[in-house]
Amino acid sequence: MPAEFPWQAMRDRPPGLWRYREALPIAVQTTPVSLGEPQTPLSYVDMPSGQLILKLDHLFPTGSFKDRGATVLLTKAVELGVTSVVEDSSGNAGAAIAAYAAAAGIAARIYVPASASPAKTSQITLYGAGLVRVPGTRAATAQAAWQEAQRTYYASHVWNPYFLEGTKTIAFELWEQLGCRAPDWIIVPVGHGTMLLGVFKGFEHLRQAGLIRILPRIVGVQAAACAPIYRAWLSGLNDLPQTLAVVTQAEGIAISQPVRWRQIVQAVRQSDGFLVTASEEAIESALLAWARRGQLVEPTSAVTLAAYEQMASAGRFASHDLVVAPLTGTGTKAAAYLAGKFSSLPGSMA
Ligand SMILES: *Cc1c(COP(=O)(O)O)cnc(C)c1O
């Protein structure tokens, strides 16, 4: 059966990801759990090597692209009659699940490592979710959430398939905004790969629906300090290499054991793409360079801008190529951290 994508019906609906609902595994009679997700804008920027197209996914209600996954996941939870959910994440995923659970009137408990700072967890508690602090490692936090999930609904951005169903809508929006075509390249950060796999699934859906012929080349970017998938891809490994050093400012992608890594490598290969890494210095200078062009993103999101820079200077792009880099998370959430980091810049207050 060809993939459903009834564009003639979709195009007359209000913009935003729910216009593509036939392409989502949600019953037609279910009312979406929505916070008014925008169709995130594109910003076309002239760079020395050609045009770069930014997709402003940091403009979602909670400040990151994770809202794509959360709106679809919580809608599914309502459809299933679920009354409470658990998730483990002290970052953007925890905030997005908490916000959409609040919108759905569903109780949420978000498990975080005991070491998570209040600066990170305050967004979660402001949305009204219960915060469960777990001593020990990040793995211990996941284990504790998993245990509670035996009795309730596991709204995990890592494990729950409906989260990926939501992130694939970025492909539909790009296709629409570029005039019913796929870009040539899309550069995305990779931790657990929810954006990368969403991009792949979305464009694959459009291909199976006969709306595009070839997938965009997907470039996945990991922080050099924590790059297990990059290393597995580069060396053709059958197992994920042990990754001990996970100290990177790109903390949203500091994932040493990404569960879907094989799928991620497969998706990159199938799209004729590749994986790259970004050093801490490159992340930092890309973040600052783009802030000085008016786009402030968090360090995790800046890895793609660093990778673009590397690829452009290596002459990877033809001048007419459509190159897209999503901005995945807003820098305003990280403002206190960034103020400390860049406190010695000219113009900053003593
Ligand atoms: C979660 C996140 C990522 C990475 O997403 P994965 O699904 O873990 O690959 C990138 N940028 C930001 C801002 C994020 O919150």
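## Basis of the description

Because the model is predicted, local features need pLDDT of at least 70 and side-chain atom pairs count only at pLDDT 80 or more, whereas totals for chains, interfaces and linings use all residues. Residues are numbered from 1 along each chain as its sequence is written, and side-chain values use heavy atoms, with hydrogens and water left out.

## Overall dimensions

The secondary structure of the protein comes to 13 helices and 10 strands, where helices (H or I, at least four residues) and strands (E, at least two) are DSSP runs numbered from the N terminus. The C-alpha trace spans about 55 × 55 × 45 Å along its principal axes. For 350 residues a compact globule would have a radius of gyration near 20 Å, and the 19 Å of the protein agrees with this; the radius is taken over C-alpha atoms, and the globule rule is 2.2 Å times the number of residues to the power 0.38.

Of the 350 residues, 55% are buried, a term that means under 20% relative accessible area, with exposed meaning over 50% and partly exposed lying in between (1.4 Å probe, protein chains only).

## The parallel sheet around E3

An open sheet is formed by 4 strands in the order E5-E4-E3-E6, with parallel pairing; two strands pair if DSSP finds at least two bridges between them. Its edge strands are E5 (130-134) and E6, each of which pairs on one side only. Strand E3 (residues 84-88) is mostly covered, as 4 of its 5 residues are buried.

Strand E3 is joined to the parallel strand E4 (residues 107-113) by 5 bridges, and Asp-88 stands opposite Tyr-111 in E4.

## Helix H7 and residues with positive phi

Helix H7 (residues 169-177) is mostly covered, with 8 of its 9 residues buried, among them Phe-172, Leu-174 and Trp-175. The helix is followed by Gly-179, whose phi is positive, near 85°. Cys-180, although not a glycine, has a positive phi of about 60°; this residue lies in the loop between H7 and strand E7 (185-189) and, at 37% relative accessibility, counts as partly exposed.

Asp-272 is likewise not a glycine and has a positive phi of about 60°. Its place is in the loop between helix H10 (261-270) and strand E9 (274-278), where Asp-272 is partly exposed with a relative accessible area of 48%.

## A nonpolar surface patch

Trp-146, Trp-159 and Val-259 make a nonpolar surface patch of about 320 Å². Patches consist of residues with over 30% relative accessible area and no salt bridge, like charges being joined within 9 Å and nonpolar side chains (Val, Leu, Ile, Met, Phe, Trp, Tyr) within 5 Å; the areas come from the Shrake-Rupley method with a 1.4 Å probe, and for residues only the protein chains shown count as cover. Trp-146 is found in helix H5 (residues 138-149) and is partly exposed, with a relative accessible area of 42%.

## Salt bridges

The structure holds 15 salt bridges, each being a side-chain nitrogen of Lys or Arg within 4 Å of a carboxyl oxygen of Asp or Glu. One of them joins the side chains of Arg-19 and Glu-176 (2.6 Å, N to O). Arg-19 lies in the loop between helix H1 (7-10) and strand E1 (42-47) and Glu-176 in helix H7, so the pair ties together parts that are 157 residues apart in sequence. Both Arg-19 and Glu-176 are buried.

Another salt bridge brings together the side chains of Glu-165 and Lys-201 (3.5 Å, N to O), linking helix H6 (residues 161-167) to helix H8 (residues 194-208) through residues that are 36 apart. Glu-165 counts as buried at 14% relative accessibility, whereas Lys-201, at 33%, counts as partly exposed.
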